[in-house]
Amino acid sequence: MLDFDHAPITLTQQNVPVVAKSDVVVVGGGPAGVTAAISAARNGCSVTLIERYHHLGGMASGGMVLVLDDMCNDGEITTTGIVDEYVETMKSENGAVYPPPEDRLQSHEMWRKWSRWGCHDFRSTQDPMPIVYAVAFDPDAWKRASLKLVKEAGVNLRLHSWFSDAIVEDGKVKAIIVQTKTGRQAILADVFIDASGDLDLAIAAGAKYSKGQYIVTTVFRLSNVDTVAVDKFQYECPEEYRKIDRQARRIIGGAWDMWWLKTPLPGVVWCNCPHMPGYDGISVEDNTNAEYEGRRRMWALYEFVKANMPGFEKCHMLGAAEQVGVRQTRQLVGEYVVTKDDVTSRRYFEDTVCRGRDYYTPYRALLPKGIDNLIVAGRHYSAESEAQKMSREIPPCMVQGEASGVAASLALNGNLAFRDVDPKAIQKKMRAQNADPGDKPSENAGKRVT
């Protein structure tokens with residue numbers, strides 16, 4: 001980073017117009033934020049949702065993270081609720097694919113049928129890995145589903161609005177400031193939900209946080225791929241396929257074992273790579289450099305597979321995701337900090353209000369210290385870096401959002417600070433709206449913590 005030897009610039013005070021007022025303001029229109037907004041609205045709150053981009057969906061759409069996983073504890077589907085509505089909405093227009101119950105088992109036949117959709121238990125040590133409930137989807141279908149559900153819930157959506165600052169008085173957020181093409185704007189509310197992914201609102205409000213870093217990815221897609229031919233080559237010429245595949249992964253310089261997966265669009269494959277360590281996901285310079293480096297690598301891979309991999313001979317570069325895939329930046333240090341041991345030991349909490357695969361998230365991990373009317377939802381929740389890496393997938397973050405929306409309605413109706421909302425009341429409401437809050441732990445749950 002360049003070291004400019006200049007004094008800071010002092011800005012004069014501005015009169016900022018108030019453009020909206022509602023019971024709840026949600027900052028961030030990614031999966032957690034949209035789910036939070038829908039949940040709060042369905043529970044009787046007026047809700048304003050702000051998003052910096054021209055679309056909703058965050059990493060699921062703009063970031064092209066095109067498989068919903070981390071949803072199953074063995075055969076039990078544990079991540080439910082509004083996420084199910086997304087899946088069925090997308091499926092109704094051929095924008096989502098998932099294995100039916102009878103295919104969710106371990107066999108070489110099912111592995112060949114479903115593994116290239118990403119519908120397998122990627123944490124399993126079995127060979128082949130079992131096929132589980134996971135969903136491959138199209139990013140534009142996610143955007144459409146988001147708009148549909150938000151509109152039906154009556155949410156006041158404000159796109160093209162970049163969160164800038166918070167106005168805080170006596171331990172409460174009074175308003176947020178957003179930057180738009182027409183200047184700065186103020187939005188008022190009684191309670192606030194930070195679903196920014198990077199803890200933007202909570203930090204502006206004075207919350208404590210820690211910093212972490214993980215790989216970033218410039219995801220891309222290739223079109224006009226003959227996936228039947230690739231599949232035939234892989235299974236009929238395994239040694240030759242593995243040789244080319246190893247070369248491809250060396251060229252991309254960082255990828256999961258399966259660097260390409262099928263999508264609901266015929267002939268379009270998803271490349272969840274390159275994985276690039278050492279980039280700070282909130283740094284302008286690092287994110288810019290990641291664009292340069294990511295696109296250099298993806299083009300090199302494209303040229304290689306087009307020339308060498310059967311089935312890719314006529315492929316085209318369909319394009320990169322609209323935003324760099326950032327996995328970890330700033331984590332809340334809240335009323336409780338989830339540890340790696342909490343996740344790996346499947347520790348169950350009395351105040352669990354959301355869960356992922358086989359881990360449980362306590363309500364306290366969504367609450368900043370010292371700020372009465374603010375809750376968080378998403379990958380920036382209160383967790384150690386190593387714990388977050390294992391519990392940051394999109395579906396559990398969506399359940400966090402649904403829980404935070406329920407908590408917002410309870411706080412407003414009871415005139416309560418978020419920390420005084422009864423977690424059991426959240427659990428009850430979550431159950432009533434077909435979401436699993438984790439209040440009934442699975443048989444393999446670990447030690448219970450109060």
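The model described here is predicted. C72 takes part in no disulfide. The nearest cysteine sulfur belongs to C119 and lies 9.9 Å away. C45 also counts as buried, at 10% relative accessibility. The closest cysteine sulfur to that of C45 is in C354, at 18 Å, which is too far for a bond. A disulfide requires two cysteine sulfur atoms within 2.5 Å. By this rule, the count is 0 disulfides.

Helix packing was examined next. Two packed helices are described by the angle and the distance between their axes. Helix α6 spans residues 227-236, and helix α7 spans residues 238-252. Their axes come within 5 Å and cross at roughly 115 degrees. Angles of 65 to 115 degrees count as roughly perpendicular. The α6 and α7 helices are therefore roughly perpendicular to each other. On the α6 side, V230, F233, Q234, Y235 and E236 make the contact. On the α7 side, P238, E240, Y241 and I244 make the contact. By class, this contact has 6 nonpolar, 1 polar and 2 charged residues.

The strands form a further element. Strands of a sheet pair through backbone hydrogen bonds, either parallel or antiparallel. Here, an open sheet of 3 strands runs in the order β3-β7-β6, with antiparallel pairing. The edge strands are β3 (67-68) and β6 (96-97), each pairing on one side only. Strand β7 covers residues 135-137 and pairs with β3 over 2 bridges, in the antiparallel sense. L68 has V135 of β7 as its bridge partner.

Notes
Residues numbered from 1 in each chain as written. Predicted model: local features only at pLDDT ≥ 70, side-chain atom pairs only at ≥ 80, totals over all residues. Heavy atoms only, no water. Axes fitted to C-alpha atoms, helices over the stretch in contact; angles between N-to-C directions. Helix = DSSP H or I, 4+ residues; strand = E, 2+ residues; numbered from the N terminus. Parallel < 35°, antiparallel > 145°, perpendicular 65-115°, else oblique. Contact = heavy atoms within 4.5 Å. Nonpolar A, V, L, I, M, F, W, Y, C, P; charged D, E, K, R; others polar. Pairing = 2+ DSSP bridges. Buried < 20%, exposed > 50% of the residue type's maximum accessible area, 1.4 Å probe, protein only.
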